[in-house]
Amino acid sequence: MLQEESDLSLIIAQIVQKLKGSNLYAQLERQAWASLQRPEIKLESLKEDIKEFFKITGWEKKLQNAVYSELSVFPLPSHPAAPPEHLKEPFLYMRKALGSWEKRILKSLNSMCTELSIPLARKRPVAEQKELLNKWNEMGTDEPDLSLFRPVYAPKDFLEVLINLRNPNYENGDPLSFRTHLGLIQVPLKVKDIPELKEYFVELGLNTGQLGIDDSTQVPPELFENEHVRIGQKVLAEQDSAAAQQYIRQGSPTALRAELWALILNISGQPEDILYYEQLKTNVIQYDLLVDRLTYKDVKLTASNDDYYFVFEDYLYQVLLCFSRDTSVLGHFAYNCASPPKSYIRGKIGLEEYAVFYPPNGVIPFHGFSMYVAPLCFLYHEPYKLYQIFREMYVRFFFRLHSISSHPSGIVSLCLLFESLLQTYLPQLFYHLREIGAQPLRISFKWMARAFSGYLATDQLLLLWDRILGYNSLEILAVLAAAVFAFRAVNLMEVTSLAAAEAVLADISTLKVMPLLQIFLFATVT
Amino acid sequence: MCVDVQAPNAGVRPRLRQGEDQRRESGRPRRTWLSLWLHGSLWRMAGRVKWVTDIEKSVLINNFEKRGWVQVSENEDWNFYWMSVQTIRNVFSVETGYRLADDQIVNHFPNHYELTRKDLMVKNIKRYRKELEKEGSPLAEKDDNGKYLYLDFVPVTYMLPADYSLFVEEFRKSPSSTWIMKPCGKAQGRGIFLINKLSQIKKWSRDSKTSSFVSQSTKEAYVISLYINNPLLIGGRKFDLRLYVLVSTYRPLRCYMYKLGFCRFCTVRYTPSTSELDNMFVHLTNVAIQKHGEDYNHIHGGKWTVSNLRLYLESTRGREVTSKLFDEIHWIIVQSLKAVAPVMNNDKHCFECYGYDIIIDDKLKPWLIEVNASPSLTSSTANDRILKYNLINDTLNIAVPNGEVPDCKWNKSPPREVLGNYEILLESPPRRSVRSCGFLTQESVQ
């Protein structure tokens with residue numbers, strides 16, 4: 001009991017410390033000072049009166065939302081004597097693997113840089129700056145020669161690294177038994193099985209109304225949809241993050257989604273945010289980074305060719321180029337065990353005083369990175385808002401999809417969850433695919449690595465991302481991947497090669513996400 | 001292949017019962033198995049629809065073949081002719097025309113140009129509005145500025161050279177406006193240009209000053225409309241909507257709208273700047289034009305589905321205004337059809353599938369730009385091909401019931417199950433059962 005209390009006070013202290021440096025703190029202070037003018041604030045009961053004032057004026061809610069936001073990425077409780085790296089990632093072998101992967105990427109980036117003799121960063125000449133400023137809204141029409149640039153890595157390269165992860169303390173010499181894991185991922189992490197998932201995702205159950213199922217045209221809206229919309233409007237009026245997060249587990253009405261996501265991610269349109277975005281924009285205009293070319297290439301290869309997202313090409317540049325320069329993103333390395341790549345000022349290699357993070361935000365874009373932003377363009381059409389939402393989504397969720405860790409929402413756990421669901425509940429299919437050399441993970445990895453963006457129809461994708469926000473977890477990606485395999489199981493049982501299996505699963509844009517999830521979790525005999 | 005067979009027992013399929021002695025009582029030997037088979041299959045083909053087309057497009061031909069219809073030439077006894085607009089002119093012309101039999105159906109109305117020619121469409125709509133105004137109908141209500149509240153869906157338009165002086169008067173009222181010149185009889189964006197100075201259309205003024213006995217050749221006739229220079233932009237680009245509408249009869253009016261329309265985007269970012277008035281890649285959304293642009297992409301073809309548009313608008317603007325927009329679009333289509341219904345030759349052998357072009361401005365008001373009698377059946381992308389194939393499929397299901405030899409006297413009331421991706425816009429008189437499109441209750445009680 002005592003231990004819990006001291007844990008709690010430690011957490012509280014840490015959060016208070018974090019929030020003290022934020023804008024919200026300054027605003028609260030200002031509000032408190034201003035409130036002293038008000039007649040209802042009396043000196044004898046100063047503390048209670050100010051608290052009451054905050055409650056009435058909605059500032060308490062804002063504080064609650066901020067605390068809730070911090071808690072969502074707070075590391076799990078741990079031993080007080082654990083060093084900081086352990087808090088981020090307890091397993092040594094994972095940290096080691098991550099370190100060598102990062103070295104590899106940086107080496108690849110540096111060699112591209114030397115081959116093409118392009119500096120990692122340079123200041124633009126004034127004429128170029130002017131030109132870029134004029135073309136800011138239509139950077140898509142720029143056709144720089146990108147043929148010599150290759151993406152630093154693609155999801156399948158990353159998959160190879162994950163496949164080779166081994167825990168040296170785990171002796172896997174046991175003879176093959178029904179407990180042996182037959183998939184590609186061979187690390188012993190704890191993942192949920194269907195009974196645990198049913199409990200975890202209880203709001204997706206058959207008896208609970210869902211958007212994505214109970215709002216289809218055959219169902220009269222009075223049964224569920226109207227009431228759900230009404231509740232959504234109420235949640236927005238209350239401006240309560242936690243309530244919104246609970247609400248969105250049943251899906252968000254299209255018209256309310258943009259605001260609900262902003263509320264859950266605790267993003268409000270402050271003038272400081274607009275200013276910050278403008279500063280980033282200036283940074284883009286003044287300095288040219290090598291990673292910009294990678295961003296361009298990625299957008300041209302992926303989003304520009306996509307049926308849904310090609311319209312928003314220009315927005316993607318406006319967001320991603322600024323993102324590369326945003327040093328506030330470095331903050332997420334406090335709970336991400338990856339480390340930002342470092343580079344040195346020319347001629348001063350090895351001297352720590354001349355080390356800088358490169359790119360400034362510590363994230364090297366890879367093939368398909370722009371697809372994280374593209375679906376958001378359907379919701380937000382002001383660049384600064386779009387930018388903030390994307391940044392928050394990245395530092396809360398998307399970074400876990402390309403970093404090696406044992407976190408339950410990390411990509412390693414997702415892969416393992418997917419494989420164990422398939423092996424346990426669809427053993428015939430799993431075994432068949434394995435036999436023909438079509439390990440299921442090889443097909444589903446790209447879906448999960450992109451959070452299904454570009455594979456599902458946009459309205460279905462947004463319903464899926466609603467649930468990611470609602471449960472503050474990416475596990476639903478693995479469950480959906482397994483559900484898709486279950487759905488196409490009959491066809492998959494008939495294929496005889498990896499290529500044929502890929503063909504069966506090549507087009508999932510017609511699938512409806514929520515019925516698939518519901519059937520897989522709640523209506524399949526286990 | 002020409003089939004000319006007299007069925008021995010019309011309506012009765014010849015059948016051989018198992019083990020039955022085929023020897024006739026008269027003792028004549030029974031026919032050989034081969035001749036019976038041939039006879040039977042020839043008879044069966046006589047019951048199949050015979051089709052002709054002068055538009056060689058796979059989306060059409062595949063649909064005919066999948067129904068087991070038989071291709072014939074136009075000189076033979078055909079049941080179904082999918083014809084181009086030139087051919088329909090010949091069929092119904094005074095000199096070269098001929099009467100259609102009861103089992104013959106064509107895909108155009110004789111005088112479809114009342115709706116599909118830009119000048120006649122505007123003329124008919126103007127006439128329709130005036131008629132409603134005269135009878136004091138609430139539909140023709142105007143606001144304080146004299147603009148129709150419910151029937152203002154066509155941009156201000158004049159015929160040139162006939163209305164030249166009227167146009168000049170209007171132009172001078174707002175001299176900084178842009179106008180768009182379109183030839184009446186052309187399609188695919190050909191011959192269209194934008195003007196913002198009277199001097200750019202001097203040519204048409206000279207003609208109007210000449211003697212009124214000079215007959216204007218229809219080739220030179222143009223319409224000039226106020227250019228919508230504030231179109232709704234998505235991703236900074238202009239787009240328009242292409243919607244397909246099937247009309248099975250005009251009196252009573254029965255029309256159906258295809259749910260899977262699409263948006264056509266320009267490849268170049270929109271700018272109202274006068275320096276770019278000549279840049280057709282900025283202003284004209286026709287695929288025939290855009291596909292020659294540098295940035296044209298063959299994978300998506302610059303097209304979005306209408307459901308994408310709906311999702312985007314609902315997410316960024318809210319549900320009410322989006323529903324209102326789509327309701328208004330349905331309204332426009334129905335009103336335009338009602339406007340031409342009185343002058344249309346409601347030939348019972350005809351049905352027609354129109355391509356409606358609609359532009360949405362930044363106040364979310366839809367404008368009817370034009371109606372196409374022969375919407376393009378060329379596919380620019382894979383998705384396009386699937387869409388057009390399904391469009392023809394659903395159209396044929398409605399126009400030729402059960403895929404059997406048609407009888408033009410049928411009641412043109414398709415059962416709900418065959419509608420496919422079409423939804424009912426208007427079906428007068430109303431069905432007895434609940435209708436899917438309930439907002440037009442005014443019309444349904446006529």
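Author: What follows covers the contact between the chains, salt bridges, cysteines and a surface patch.

Author: This is a predicted model, in which local features need pLDDT of at least 70 and side-chain atom pairs count only at pLDDT 80 or more, while totals for chains, interfaces and linings use all residues. Residues are numbered from 1 along each chain as its sequence is written, chains are lettered from A and ligands numbered from 1 in the order in which they are written, and side-chain values use heavy atoms, with hydrogens and water left out.

Reader: How many residues does the contact take from chain A and from chain B?

Author: Chain A gives 26 residues and chain B gives 21 residues (contact means heavy atoms within 4.5 Å).

Reader: And what area do they bury between them?

Author: About 2100 Å², with 55% of it on carbon and sulfur atoms. Buried area here is the accessible area (1.4 Å probe) that two parts lose on being put together, summed over both.

Reader: Which residues in chain A lose the most area to chain B?

Author: In chain A those are A:Phe310, A:Val311 and A:Phe378, which together make up 29% of what that side buries.

Reader: How many salt bridges are there across that interface?

Author: The rule finds one between chain A and chain B. It joins the side chains of A:Glu225 and B:Arg319, at 3.2 Å from N to O. A salt bridge is a side-chain nitrogen of Lys or Arg within 4 Å of a carboxyl oxygen of Asp or Glu.

Reader: Why can side chains pair like that?

Author: Side chains of opposite charge can pair when their charged atoms come close.

Reader: How many over all chains?

Author: The whole structure has 37 salt bridges. One of the pairs is A:Arg293 with A:Asp288, at 3.2 Å from N to O. Both A:Arg293 and A:Asp288 are buried. Buried means under 20% relative accessible area, exposed means over 50%, and partly exposed is in between (1.4 Å probe, protein chains only).

Reader: Which residues are in the network with that pair?

Author: The network of salt bridges links A:Arg122, A:Arg124, A:Glu128, A:Asp288, A:Asp292, A:Arg293 and A:Arg325.

Reader: What about B:Glu170 and B:Lys173, how far apart are they in their helix?

Author: B:Glu170 and B:Lys173 are about one helical turn apart, because they sit three residues apart in helix H6 (residues 164-173) of chain B. Helices (H or I, at least four residues) and strands (E, at least two) are DSSP runs, numbered from the N terminus. The two side chains form a salt bridge at 3.3 Å, N to O. B:Lys173 counts as exposed because its relative accessibility is 60%, while B:Glu170 has 21% and is therefore partly exposed.

Reader: Changing topic: how many disulfides over all chains?

Author: Zero, by the rule used (a disulfide is a pair of cysteine sulfur atoms within 2.5 Å). For B:Cys263, the nearest cysteine sulfur is that of B:Cys266, 12 Å away.

Reader: Is B:Cys263 buried or exposed?

Author: B:Cys263 has 0% relative accessibility, so it counts as buried. A:Cys113, at 14%, therefore counts as buried too.

Reader: Last one. Which residues make the nonpolar surface patch?

Author: A:Trp33, A:Leu36, A:Leu43 and A:Leu46 make a patch of about 460 Å². Patches are made of residues with over 30% relative accessible area and no salt bridge, with like charges joined within 9 Å and nonpolar side chains (Val, Leu, Ile, Met, Phe, Trp, Tyr) within 5 Å. Accessible areas come from the Shrake-Rupley method with a 1.4 Å probe, and for residues only the protein chains shown count as cover.

Reader: Where is A:Leu36?

Author: A:Leu36 lies in the loop between helix H2 (23-35) and helix H3 (46-57) of chain A. A:Leu36 counts as partly exposed because its relative accessibility is 39%.
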